[in-house]
Amino acid sequence: MRWVKQSVGYWCEEIRRNEAVGEGVCAAILDTGIARHPDFGERIIDFKDFTGRGISCYDDSGHGTHVAGILAGDGILSSGTYAGMAPRASLFVAKVLDREGNGNVENVVRGIDWILKKRKTCRLRVVNISVGTQPELEERQKQQLLDAVEELWDQGLAVIVSAGNYGPAKGTVAVPGNSPKVITVGVPDNASGSGRAKRGKVNYSGRGPTVRCVIKPDIFAPGTGIISCNARYGHPGEHPYIMKTGTSMATPVVAGAVACLLSKYPDMTNVEVKLKLRESSVKSPGTEAGWGMLDVAGLLKA
């Protein structure tokens, strides 16, 4: 996995040096689905569609495949150049969003219930949720989603959630990223104006404090200009990889790093994972709102 002009090469080297490549760890992704891209090999161990079509293993949007590639693609079509963070992790995918990236709380909750029922059969340890509610969603539904996501955490899973792209004003972190339990990921502010996001926004990452005065995001990772798996690969003229931007892309960077951590230290709890992320993060410009920037070397250090 690579992002523009940033040090993923160092991170991947650090992961290999520590022999922490996600081996033995299963990560669940709630998103738009996943395509059978060659970079996933045979590591997609289960898939279920909650949007109604019921087709096995597909992604009519491309968002979920891109997220999955960041988390666990092995980069086979790029000789490793665009490998993900945890290239040997297994994937467990719930399609809860449609081809436009839209969905409803009921489908997401159904996907969460499915994960909870299946988690013990596949050594599921990590859940990536690059999904956030629209600000105008009614409070009852926001609370329903929040309760479901926090149940994942309470059952011992390391839940990694995006901060949303409604920033940079205060109080703009999306639900369920406002939960004090889960690990919420943002993208650093970029005051220089380089690496612009879609629609020309430079600083788009949602931020707290939440209505309960919780500081969010917890941790930051690159999310602008991320190159990962293209769900349309195999169609005429389609490249194996594509670039996307958003806190949705930063979230699997952290989720993949957590999968690597758990492959090295399988007895760690989700609370210990969160504490390790906090103590190893590095303060840098644009990350003042949370713990700091993800530092893989520090995270994997004993």
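**The core and its surroundings**

Modeller: The largest nonpolar core has 83 residues, and Ile 115 and Leu 277 are those with the most contacts inside it. Helix 5 gives the most to this core, with 11 residues. This is a predicted model, and every value below is computed from it. In soluble globular proteins, nonpolar side chains tend to be buried together.

Leaving out residues up to four places away in sequence, Leu 277 touches Ile 183, Ile 219, Val 254, Val 258, Trp 291, Leu 294 and Leu 299.

For the chain as a whole, there are 7 helices and 10 strands. Of its 302 residues, 59% count as buried. Among contacts between residues at least 6 apart in sequence, 75% join residues at least 24 apart. The accessible surface comes to about 12800 Å², and carbon and sulfur atoms account for 50% of that.

Helix 2 is mostly covered, with 10 of its 10 residues buried. Among them are His 63, Thr 65, His 66, Gly 69 and Ile 70. The cover over the buried residues of helix 2 includes strand 2 (26-31), strand 4, strand 5, strand 9, strand 10 (241-244) and helix 5 (247-264).

Strand 9 (residues 226-229) holds Ser 228. Ser 228 counts as buried because its relative accessibility is 1%, and the cut-off for buried is under 20%. Setting aside neighbours within four places in sequence, Ser 228 is in contact with Thr 65, His 66, Gly 69 and Ile 70, and also with Pro 240, Tyr 241 and Ile 242. Thr 65, His 66, Gly 69 and Ile 70 are themselves buried residues of helix 2.

The loop between helix 2 (63-72) and strand 4 (90-95) contains Ile 76. Ile 76 is exposed, because its relative accessible area is 54% and the cut-off for exposed is over 50%. Together with Leu 77 and Tyr 233, Ile 76 forms a nonpolar patch on the surface, with about 270 Å² of accessible area for the three.

Helix 4 (residues 139-154) can be checked for its length. At 1.5 Å a residue, its 16 residues should span 22 Å, and its end C-alpha atoms are 22 Å apart, so the two agree. Its buried residues include Leu 145, Leu 146, Val 149, Glu 150, Leu 152 and Trp 153. Helix 3 (105-118), strand 5 (124-129), strand 6 (158-162), strand 7 (183-186) and helix 6 (270-280) are among the elements that cover the buried residues of helix 4. After helix 4 comes Gly 156, with a positive phi near 95 degrees.

Lys 181 is partly exposed, with a relative accessible area of 28%. Not counting residues up to four places away in sequence, Lys 181 touches Glu 150, Trp 153, Asp 154 and Lys 274. Lys 181 and Glu 150 are 31 residues apart along the chain, and their C-alpha atoms are separated by 6.8 Å.

Val 211 lies in the loop between strand 7 and strand 8 (219-220). With a relative accessibility of 81%, Val 211 counts as exposed. Val 211 and Asn 178 are 33 residues apart in sequence, with 8.6 Å between their C-alpha atoms.

Notes
Residues numbered from 1 in each chain as written. Predicted model: local features only at pLDDT ≥ 70, side-chain atom pairs only at ≥ 80, totals over all residues. Heavy atoms only, no water. Patch = residues over 30% accessible without salt bridge, like charges linked within 9 Å, V, L, I, M, F, W, Y side chains within 5 Å. Areas by Shrake-Rupley, 256 points an atom, 1.4 Å probe, with all protein chains shown as cover. Salt bridge = Lys/Arg side-chain N within 4 Å of Asp/Glu carboxyl O. Helix = DSSP H or I, 4+ residues; strand = E, 2+ residues; numbered from the N terminus. Buried < 20%, exposed > 50% of the residue type's maximum accessible area, 1.4 Å probe, protein only. Expected span 1.5 Å × (residues − 1). Contact = heavy atoms within 4.5 Å. Core = buried A, V, L, I, M, F, W, Y, C linked by side-chain atoms within 4.5 Å.
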